[in-house]
Structures are given as C-alpha cells and as structure tokens.
Amino acid sequence: MIILGLILVLLAVAAGILLFEATSQLSDGVDFDVLGASISLPPLALLITGAAVITVFWLGWVLLRQGVKRGARRRRAAKEEAALAEQRRVDGERKMQEEFAQRERQLAEERRRHEQETEDLRRQAQEQHVSTEEARRRAEVAEAEAARNQSSGTGASRVGDTQRDPGEPRSFDRRDNPHT
C-alpha cells in the first residue's frame with residue numbers, strides 16, 4: 001500500500017511539472033463570465049486553480065470519511081458500553097435476588113429454629129405442669145392418708161412421717177417448713 005501510494009504521488013508530481021511547462025509558454029488568457037463579470041486568467045493560473053480545487057475536494061472528502069468513521073466508532077463504543085451497563089445491571093439484579101433468597105432462607109431457618117424452641121419450651125412447660133399436678137395429687141393423697149391415720153390413731157401425725165416409696169418424690173407441707 002505504501003509503495004503504491006508513493007508511485008501515485010510521484011506520477012502526480014511528474015504530471016504537474018509537465019502541465020506547468022506546457023502552459024507556461026501560453027500567453028493568451030482564458031475569459032470566464034462569473035456572476036455577470038468577465039474574468040480573464042492565463043492558462044497557468046487556471047491550472048493552479050484547478051489543482052487547488054481538486055485538493056480542497058479531496059481534503060473535504062477525507063474529512064467527511066474520517067467523520068463518518070469516527071461517528072460509527074463512537075456509536076459502536078456507545079452501543080458496547082450500553083450493553084456492558086445492561087449486563088452489569090442484570091448481574092446486579094441477579095446478585096440482589098440471590099442475596100434476597102439467601103436472606104429468606106436464613107429467616108426461614110431462624111423461624112423454624114424459633115418454632116422448634118417454642119415447641120420445646122411448651123413441651124417442657126406441659127411436662128412440668130404434669131409433674132406439678134402429679135406431685136399435688138400425691139400430696140393430696142398423702143394428706144388424706146395422714147388424716148385417716150390420725151383419725152384412726154395409728155400415730156402418724158405428720159405427712160412427712162408416713163411411709164413412702166424411696167423412688168417417690170417427697171411432698172412437703174407447710175408444717176414441714178419452719179420458715180413459713
């Protein structure tokens with residue numbers, strides 16, 4: 001490409017020198033009517049003006065092409081940036097959804113753990129209630145037995161003095177606690 005461009009430049013310079021030499025000997029002017037005025041130019045000036053017009057044309061054409069290429073490059077870059085921004089946004093939304101799902105799972109696990117603890121506490125309270133009721137019932141039975149023994153005169157005067165099973169919990173009466 002570089003060699004071809006160099007050859008074309010050298011050919012253009014050689015043609016320009018030949019045209020300059022050929023027109024420099026002409027002395028008759030060329031007449032033009034422009035906007036109602038008549039202009040007379042020597043052939044050499046006409047040649048230089050033509051070369052200048054073609055140079056300006058090609059310069060304008062090159063600038064136009066560069067502008068179009070630059071605009072296309074900017075549009076392509078903007079399109080790629082918009083696609084990248086969209087991808088970032090989608091990734092951000094996906095990440096937020098994953099974090100939300102993870103938080104939901106954590107909350108569900110905490111909720112399940114809390115419900116399990118609540119159920120365990122209810123079960124313990126129920127067991128304690130049953131134990132308390134059983135102890136109260138045994139105490140009532142022991143008091144009734146003590147009252148029967150006292151009325152029959154067997155000598156058992158207090159609930160604590162009655163015969164009891166060693167595995168059975170001892171029930172207390174107010175009379176057994178000296179501090180009350």
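This is a predicted model: local features need pLDDT of at least 70, side-chain atom pairs count only at pLDDT 80 or more; totals for chains, interfaces and linings use all residues.
A salt bridge is a side-chain nitrogen of Lys or Arg within 4 Å of a carboxyl oxygen of Asp or Glu.

**Entry 1: the overall layout**

I started with the secondary structure and got 2 helices and 2 strands for the protein chain. Going from the N terminus, I read the elements as α-β-β-α. I then checked burial: of the 180 residues in the chain, 6% are buried.

**Entry 2: salt bridges**

I searched the whole structure and found 11 salt bridges. Which residue does Arg 138 meet in a salt bridge? Its partner is Glu 134, with 3.2 Å from N to O. That distance falls within 4 Å, so the pair counts. Both residues sit in helix H2, 4 residues apart, which I noted as about one turn of the helix.

Glu 134 turned up again, this time in a salt bridge with Arg 137, where the closest N and O atoms are 2.2 Å apart. Arg 137 and Glu 134 are 3 residues apart in helix H2, so about one helical turn separates them.

I looked up how open these side chains are. Glu 134 is partly exposed at 28% relative accessibility, Arg 137 is partly exposed at 41%, and Arg 138 is partly exposed at 30%.

Next I checked Glu 133, which forms a salt bridge with Arg 136, with 2.8 Å between the closest N and O atoms. These two also lie in helix H2, 3 residues apart. Glu 133 comes out partly exposed at 32%, and Arg 136 partly exposed at 41%.

One more for the list: Glu 86, Arg 89 and Glu 93 are linked in a network of salt bridges.

**Entry 3: the largest pocket**

How much space lies in the largest pocket? I got about 420 Å³. Helix H1 (2-24) and helix H2 (43-152) are the elements that give two or more residues to its lining. H2 has the largest share, with 6 residues. Among the lining residues I wrote down Phe 20, Ile 48 and Trp 58. By type, the lining has 8 nonpolar residues, 2 polar and no charged.

**Entry 4: a nonpolar patch**

I also found a nonpolar surface patch of about 510 Å², made by Val 30, Phe 32, Val 34, Leu 35, Ile 39 and Leu 46. Strand S1 (residues 30-34) gives the largest share of this patch, 3 residues.

I picked out Val 34, which is in strand S1. Is Val 34 buried or partly exposed? Its relative accessible area is 40%, so Val 34 is partly exposed, lying between the 20% and 50% cut-offs.

Methods:
Residues are numbered from 1 along each chain as its sequence is written. Side-chain values use heavy atoms; hydrogens and water are left out. On a 1 Å grid over the protein atoms alone, a cavity is a set of points where a 1.4 Å probe fits but cannot get out, and a pocket is an open set with protein on both sides within 12 Å along at least five of seven lines; lining residues have an atom within 4 Å of a point. Grid points are joined across faces, edges and corners, and a volume is the space filled by probe spheres set on the points. Ala, Val, Leu, Ile, Met, Phe, Trp, Tyr, Cys and Pro count as nonpolar, Asp, Glu, Lys and Arg as charged, and the others, Gly among them, as polar. Patches are made of residues with over 30% relative accessible area and no salt bridge: like charges are joined within 9 Å, nonpolar side chains (Val, Leu, Ile, Met, Phe, Trp, Tyr) within 5 Å. Accessible areas come from the Shrake-Rupley method with a 1.4 Å probe; for residues, only the protein chains shown count as cover. Buried means under 20% relative accessible area, exposed over 50%, partly exposed in between (1.4 Å probe, protein chains only).
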